[in-house]
Amino acid sequence: MINRISDPDGPKIIVCCGSGGVGKTTLSAAIGLYGALSGKKTIVLTIDPARRLADSLGLKDFNVDAQRVPLEQLSDIPRPFEGQLYAMMLDAKRTFDNLIFRHAPADLTKNIFKNRYYQHLSNNMAGSHEYMAMEKLYEIYHQDKYDLIVLDTPPSRRALDFLEAPGKLLNLLGHNFFLKMFRPYLHAGRLGMRVFNILAYPVLRAVGKVIGKQVLEDLAGFMQLWNDVLFEGFSRRAETVKTLLSGNMTLFLAIATPQHLPMTEAVFLYEKLSRNNMPFGGFIINRVHVLENQELFDTDRHGMAEFFNKKSIDDRLAEKLGITFNNYMKMSESDAHAINDLINKIGSNVDILQIPVAEGEIAHLNDLVRLSRMF
């Protein structure tokens, strides 16, 4: 799995998927750093980065423009090395606006941006972050400025909505009912000049009484623009994005922790990717409790009191250490059981990388280096 990332002829896009709270954003940054330390010019795209991640990358904050990570701050990396690392926060609203600029005629963009329905959709549309993340990834890929792009997807199953049939993707507005309702009347208004008279049609007049005339006019105006201007451009783009993500330039990774819900989500992602013939690279199981000296603990796991007596440790402290040890043993056994269950479900031919639970927080670039070396 990891050798493919560092391979000069390996994939150019790494898509990290998984549920929330599993360390996906931090691991995405570590994968990006791994790529940079392998000599690649790398960028990490993230949706909702934590403040501490910006600190660990040596950045004051994340913004919507690519920022270079100051790798010169690393203390234990041989000099010189050719790789570079950049980070960018994805802005769904800004990406959506750029799509309008790209696909709509210049004389109509002002009408679109003024439309209150568009303003609401572009800020609050269900699935907009997921779709726009893929759109931004596609845009950056075709700029051909980076050797490796690492995408940290939203913590949701919706992160894979773009894999559905193009028809579902093109329904990203989520209002097929309204589009079908308006379509017979759309020819009545001249695009960009005026919206057809709502009150002239009994069906629409009745709907207007329910949801309000102004709301209906805003909706009709946007549907008219969508039907006549935007649909074809979005349609072509959806197909090209899916083609890119299905090709050999892309690799999907499922990230989880060894608990039931994150592992279930990871299996769901794997199965959905498999059904859609998407290139799957493997699982990364984060925060795994592992035993560094399994043989010692297996042979004498109940002999801790005698061990502590030989070390002249206070009885109360020895008792607390024993409890801590037993709790850790239980967690390590539980994690091992969860990973064995995963292997039984997916088979032994899929790569699984285990990342041990960290001793401390990831607070500096050198901490990310330490994490990346676990790959």
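Reply: Let's start with Q67, which is found in strand β3. Here helices (H or I, at least four residues) and strands (E, at least two) are DSSP runs, numbered from the N terminus. Q67 is buried, at 18% relative accessible area. Buried means under 20%, exposed over 50%, and partly exposed in between, with a 1.4 Å probe and protein chains only. Leaving aside neighbours within four places in sequence, Q67 is in contact with L59, D61, F62, L85, Y86 and A87, where contact means heavy atoms within 4.5 Å.

A word on what you are looking at: this is a predicted model, in which local features need pLDDT of at least 70 and side-chain atom pairs count only at pLDDT 80 or more, while totals for chains, interfaces and linings use all residues. Residues are numbered from 1 along each chain as its sequence is written, and side-chain values use heavy atoms, with hydrogens and water left out.

Now step back to the sheet. Eight strands form an open sheet in the order β3-β4-β2-β5-β1-β6-β7-β8, and the pairing is mixed. At its edges are β3 (67–68) and β8 (352–356), each of which pairs on one side only. Two strands pair if DSSP finds at least two bridges between them. In general, strands of a sheet pair through backbone hydrogen bonds, either parallel or antiparallel.

Strand β2 (residues 41–46) pairs with β5 in the parallel sense, over five bridges. Within that pairing, V44 has V150 in β5 as its bridge partner. Strand β5 (residues 148–152) also runs parallel to β1, to which four bridges join it. There, I13 stands opposite I149 of β5. On to the next neighbour: β1 and strand β6 (residues 250–256) are paired in the parallel sense over five bridges, with L251 of β6 as the bridge partner of I14.

How many residues of strand β1 (residues 13–17) are buried? Five of its five are, and the strand is mostly covered. Both faces share in this: I13, V15 and C17 are buried on one side, and I14 and C16 on the other.

Follow the chain for 30 residues and you reach G282, whose C-alpha atom is separated from that of F252 by 7.5 Å.

What about the helices? Have a look at A133, which is found in helix α7 (residues 128–143). A133 is buried, with a relative accessible area of 2%. Not counting residues up to four places away in sequence, A133 touches I47, L90 and L151. A133 and L151 are 18 residues apart in sequence, and their C-alpha atoms are 8.0 Å apart in space.

Another helix to find is α12 (residues 260–275), whose axis comes within 11 Å of that of helix α15 (residues 315–346), crossing at roughly 20°. Axes are lines fitted to C-alpha atoms, for helices over the stretch in contact, and angles run from 0 to 180 degrees between N-to-C directions. So α12 and α15 are roughly parallel to each other; angles under 35 degrees count as roughly parallel, over 145 as roughly antiparallel, 65 to 115 as roughly perpendicular and the rest as oblique. Where do they touch? M263, V267 and Y270 in α12 meet A338, I339, L342, K345 and I346 in α15. These contact residues divide into seven nonpolar, no polar and one charged. For this count, Ala, Val, Leu, Ile, Met, Phe, Trp, Tyr, Cys and Pro are nonpolar, Asp, Glu, Lys and Arg are charged, and the others, Gly among them, are polar.

From α2, the contact uses T26, L27, A29, A30, L33, Y34 and L37, and from α16 it uses L365, L368, V369, L371 and S372. The contact residues of α2 and α16 divide into ten nonpolar, two polar and no charged. Helix α16 is mostly covered, with six of its eight residues buried: L365, D367, L368, V369, L371 and S372.
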